[in-house]
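Open the model in your viewer and keep the selection panel at hand.

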Amino acid sequence: MQTIDNYNFAGKKAIVRVDFNVPLNEEGKITDDTRIRGALPTLKKVLADGGALIIMSHMGKPKGKVNAKFSLSQIVEAVSEKLGVTVQFAPDCAKAADAAAALQPGEVLLLENLRFYPEEEGKPVGIDKEDPAYADAKKAMKESQKEFAKTLASYADCYINDAFGTAHRRHASTAVIADYFNEDSKMLGYLMEKEVQAVDNILKDIKRPFTAIMGGSKVSTKIGIIENLMDKVDNLILCGGMTYTFAKAQGGQIGNSIVEDDKLELALNIMEQAKAKGVNLVLGVDCVAADDFSNDANTQVVSAMAIPEGWEGLDAGPETQKLFAAAIEGAKTILWNGPAGVFEFDNFTAGSRAIAEAIGKATAEGAFSLIGGGDSVACINKFGMADQVSYISTGGGALLEAIEGKVLPGVAAIKGE
Ligand code: AMP
């Protein structure tokens, strides 16, 4: 497989798929530039070699239509500033051949939002899935998606995918385009390489013991991951709102706590699986119960199996925090996805904080720790602990699908898996 480090971009044009889907405020100003900063090492490598850049991305969900609200023209200035090069802008991503051809080494062209064309996502628009004509429309769209990808590919000598956030989608710019480049001229960007390596560290090159911490509100949205991890982990901590489904399934009283009544069987099944596979399953024994879903609610620490009527568990209790820390300390591989409580309320952050601190300690002692999936990243940032873990993934859905064991089309298109 070609790598960005082995490729000399001198005199070449590279088309790079990045994730510049940054949040903008009412005035169109960027409120968080993490994603732009994430792509800089790759973009700078091409320029430093003496190559020219054609940058492409989506922004928001314009659903195949031109919409000024989602125009990437709004970020040209910020990208220029960060790259130290005046970025040119192509207002129509499918009609940028002349602008691309005119690019000189060291120059940069940013294409307008790819999703202004329905071909990018490859889904037919304006036709219902139930419509008998849908299958034909989908087939036709797949053909025009190929044409669209081919047009994008024609702008450049080589292709780099550095957009991990969309790697789980088979879109024109994330996967289909790779078919128009030979093996030597398509590669993953640095950010993608790091993400793929991080996932390999927890799924393939595992150093033991391996502790996974899965939290969040619902077991139903995490079941694919829990099942895939069950064959790999030594310790599995389940925390957050999903644990009340486990407590109820075992006959516990959970008051008003969040619960999925149709997943009680599933919860018992997970417990069985853990036992059969010799996985140390760690569930909370106590919790911080509140008399209202609010930061200012009255609270009491109660058994996780005996939450009084009218109260709901919103955080892990002190005994549970100790159990969690014990299963994290000494681990050599750690994955954390999903908070242990309603961490958005300052008074219910203790469980998540105990987890973050134990991870920080284990990491300092040599563990590899991967934090991923929106809310646990938000937790780590809220606690100011981002520099105490090994890797924070930039991909929400893409990371979760990778941990479920699914092949990511954006990675497979280049690695050929
Ligand atoms: P998820 O999107 O499934 O990863 O869940 C994240 C959300 O779960 C966060 O917004 C947390 O506030 C919420 N959460 C965690 N613990 C609880 C709980 N005990 N009760 C209600 N919500 C919770």
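How many nonpolar, polar and charged residues does the lining of the second largest pocket have? It has no nonpolar residues, eleven polar ones and nine charged ones. Keep in mind that this is a predicted model.

**Stop 1: the second largest pocket**

Select Arg 115, Gly 165, Thr 166, His 168 and Arg 169. Of the 20 residues that line this second largest pocket, these lie nearest its centre. The space in the second largest pocket is about 510 Å³.

**Stop 2: the largest pocket**

Now select Thr 34, Arg 35, Ile 392, Ser 393 and Thr 394. They lie nearest the centre of the largest pocket, which has a lining of 25 residues. About 700 Å³ of space lies here. Next, colour the elements that give two or more residues to this lining: α1 (34-49), α6 (190-203), α12 (374-382) and β17 (391-392). Which of them gives the largest share of the lining? Helix α1 does, with five residues. By class, the lining of the largest pocket has nine nonpolar, ten polar and six charged residues.

**Stop 3: the ligand**

- Ser 217: a polar backbone atom is 3.0 Å from an oxygen atom of the ligand.
- Lys 222: a polar side-chain atom lies 2.9 Å from a ligand oxygen atom.
- Gly 313: a backbone N or O atom is 2.9 Å from a nitrogen atom of the ligand.

How much of the ligand's exposed area does the protein bury? Taken alone, the ligand exposes 500 Å², and the protein buries 81% of that.

**Stop 4: an aromatic pair**

The model has five aromatic pairs. Select one of them, Tyr 117 and Phe 148. Two values describe a pair of aromatic rings: the distance of the centres and the angle of the planes. For Tyr 117 and Phe 148, the centres are 5.2 Å apart and the planes stand at 35°, so the pair is tilted. The cut-offs matter here: planes under 30 degrees apart would count as stacked, and over 60 as edge-to-face.

Now trace the chain between the two rings. Tyr 117 sits in the loop between β4 (108-111) and α4 (118-121). Phe 148 belongs to helix α5 (residues 134-154).

Key: Residues are numbered from 1 along each chain as its sequence is written. This is a predicted model: local features need pLDDT of at least 70, side-chain atom pairs count only at pLDDT 80 or more; totals for chains, interfaces and linings use all residues. Side-chain values use heavy atoms; hydrogens and water are left out. A polar contact is a pair of N or O atoms within 3.5 Å; within protein, one must be able to donate a hydrogen and the other to accept it, and residues adjacent in sequence count only if both atoms are side-chain atoms. Accessible areas come from the Shrake-Rupley method with a 1.4 Å probe; for residues, only the protein chains shown count as cover. On a 1 Å grid over the protein atoms alone, a cavity is a set of points where a 1.4 Å probe fits but cannot get out, and a pocket is an open set with protein on both sides within 12 Å along at least five of seven lines; lining residues have an atom within 4 Å of a point. Grid points are joined across faces, edges and corners, and a volume is the space filled by probe spheres set on the points. Helices (H or I, at least four residues) and strands (E, at least two) are DSSP runs, numbered from the N terminus. Ala, Val, Leu, Ile, Met, Phe, Trp, Tyr, Cys and Pro count as nonpolar, Asp, Glu, Lys and Arg as charged, and the others, Gly among them, as polar. Rings of Phe, Tyr and Trp (its six-membered ring) pair if their centres lie within 6.5 Å; planes under 30 degrees apart count as stacked, over 60 as edge-to-face and the rest as tilted.
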